[in-house]
Amino acid sequence: MDQYIDAYILRTIDYQEHSKLVYFYTPNGQSSAIARGVKKMDHPLRHLVQPGTLASFSFSKGKLPTVKDAEKRFYYPTIKSDLVKTTVLSTVNDLIYYNVTDTDDNAKLFGFLKKFIHQLSITEHPLELLMVFEMKLLAFLGYLVNFKHCYQCQETEVLKMEIGSGLIACSKHQDPQRDYISYDTYAPLKYYLHCDILSFTSLSLENETLKQLYRIIDELYTTNLQFSSKAKKLLTTLL
């Protein structure tokens, strides 16, 4: 009897004439497998082996396994039919594929990813929901932005955020050579970091504010992880 494992498809690459090399994310981390023949019109998994698919898959044994079957597909038509939501999911795929390693708590992140995809399917504010994922992923990867007090002392008043590093500093410990943003500007990021994904409530931000926050988060990823997402850049053009 085949053993099935919940897995999420991050990306696929054409392999030979009719097959694909599939990159999965699972509770055990990232893995890859060959989906043989799935480019053929009559293959039963043709429409299943696509980035953004969450399902239970069975695999053959071996160094480079093959996809044998899939069942219990979680289908989210409201994502697939929406350009913004689809691009948000592509951004999440990039974030995981390039930044998450086998040493991370993948079971925890996989559980959060499932909650995120569910919320993405029902939200009317996917652009904000992406920032929830981005801020929480930074913390997951060890780059938690401590919004509570100055990083040098316990001061909690008149704090600003250093662009790039995300360090929160009081007036005494702000580097005059660095650029900072005020609390009013970064306050939404604090909410996105600490909110419960399943009870996420939009802050109803204007597009210009969203663009500004996107740039701030992009700076955090560039500075701390030397990472930028092509899908995220495309998403910004949709604002």
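**Reading the labels**

Guide: Three strands make up an open sheet, in the order E7-E6-E8, and their pairing is antiparallel. The edge strands are E7 and E8, since each pairs on one side only. Bear in mind that this is a predicted model.

Visitor: What makes E2 and E3 a pair?

Guide: The test is again at least two bridges. Strand E2 (residues 19–26) and strand E3 (residues 29–35) have seven bridges between them and run antiparallel, so they count as paired. The two strands form a hairpin, with two residues between them. Thr26 has Gly29 in E3 as its bridge partner.

Visitor: Why is the contact of Asp6 with Lys114 called a salt bridge?

Guide: The cut-off is 4 Å between a side-chain nitrogen of Lys or Arg and a carboxyl oxygen of Asp or Glu. The closest N and O atoms of Asp6 and Lys114 are 3.6 Å apart, so the pair qualifies under the 4 Å limit. This pair links distant parts of the chain, with Asp6 in strand E1 (residues 4–15) and Lys114 in helix H3 (residues 106–122), 108 residues apart.

Visitor: What makes Asp14 and Lys39 a salt bridge?

Guide: Their closest N and O atoms are 3.7 Å apart, and the limit is 4 Å, so the name applies. Asp14 has a relative accessible area of 54%; the cut-off is over 50%, so it is exposed. Lys39 counts as partly exposed, at 28% relative accessibility.

Visitor: How many salt bridges does the structure hold?

Guide: The structure holds seven. One of them joins the side chains of Lys232 and Asp218, at 2.7 Å from N to O. Lys232 lies in helix H7 (residues 230–237) and Asp218 in helix H6 (residues 207–225), so this pair ties together parts that are 14 residues apart in sequence. Glu134, Asp218 and Lys232 are linked in a network of salt bridges.

Visitor: Why is Lys232 called buried?

Guide: Its relative accessible area is 3%, and buried means under 20%, so the label follows. Asp218 is at 29% relative accessibility and therefore counts as partly exposed.

Visitor: What makes Thr87 a buried residue?

Guide: Thr87, found in helix H2 (residues 83–99), has a relative accessible area of 5%. That is under 20%, so Thr87 is buried. Not counting residues up to four places away in sequence, Thr87 touches Ala231, Leu234, Leu235 and Leu238. The side chain of Thr87 also reaches the backbone oxygen of Leu83 at 2.7 Å.

Visitor: How do you know that Asp82 caps H2?

Guide: A side-chain oxygen of Asp82 lies 2.9 Å from the backbone nitrogen of Val84, at the N-terminal end of H2. A polar contact has its limit at 3.5 Å, so the distance passes. H2 itself has 17 residues and reaches 24 Å from its first C-alpha to its last, close to the 24 Å expected.

Visitor: Why are the buried residues of H5 said to lie on the same side?

Guide: The buried residues of H5 are Thr185, Tyr186, Pro188, Leu189, Tyr192 and Leu193. They cover an arc of only 140° around the axis, which puts them on the same side of H5. In an α-helix there are 3.6 residues a turn, so residues three or four places apart point the same way.

Visitor: What covers the buried residues of H5, and which exposed residues does the face turned away carry?

Guide: The cover includes helix H4 (126–140), strands E6, E7 and E8, and H6. The face turned away from the buried side carries the exposed residues Asp184 and His194.

Key
Residues numbered from 1 in each chain as written. Predicted model: local features only at pLDDT ≥ 70, side-chain atom pairs only at ≥ 80, totals over all residues. Heavy atoms only, no water. Helix = DSSP H or I, 4+ residues; strand = E, 2+ residues; numbered from the N terminus. Buried < 20%, exposed > 50% of the residue type's maximum accessible area, 1.4 Å probe, protein only. Polar contact = N/O pair within 3.5 Å; in protein donor to acceptor, adjacent residues only side chain to side chain. Contact = heavy atoms within 4.5 Å. Arc of directions from axis to C-beta. Expected span 1.5 Å × (residues − 1).
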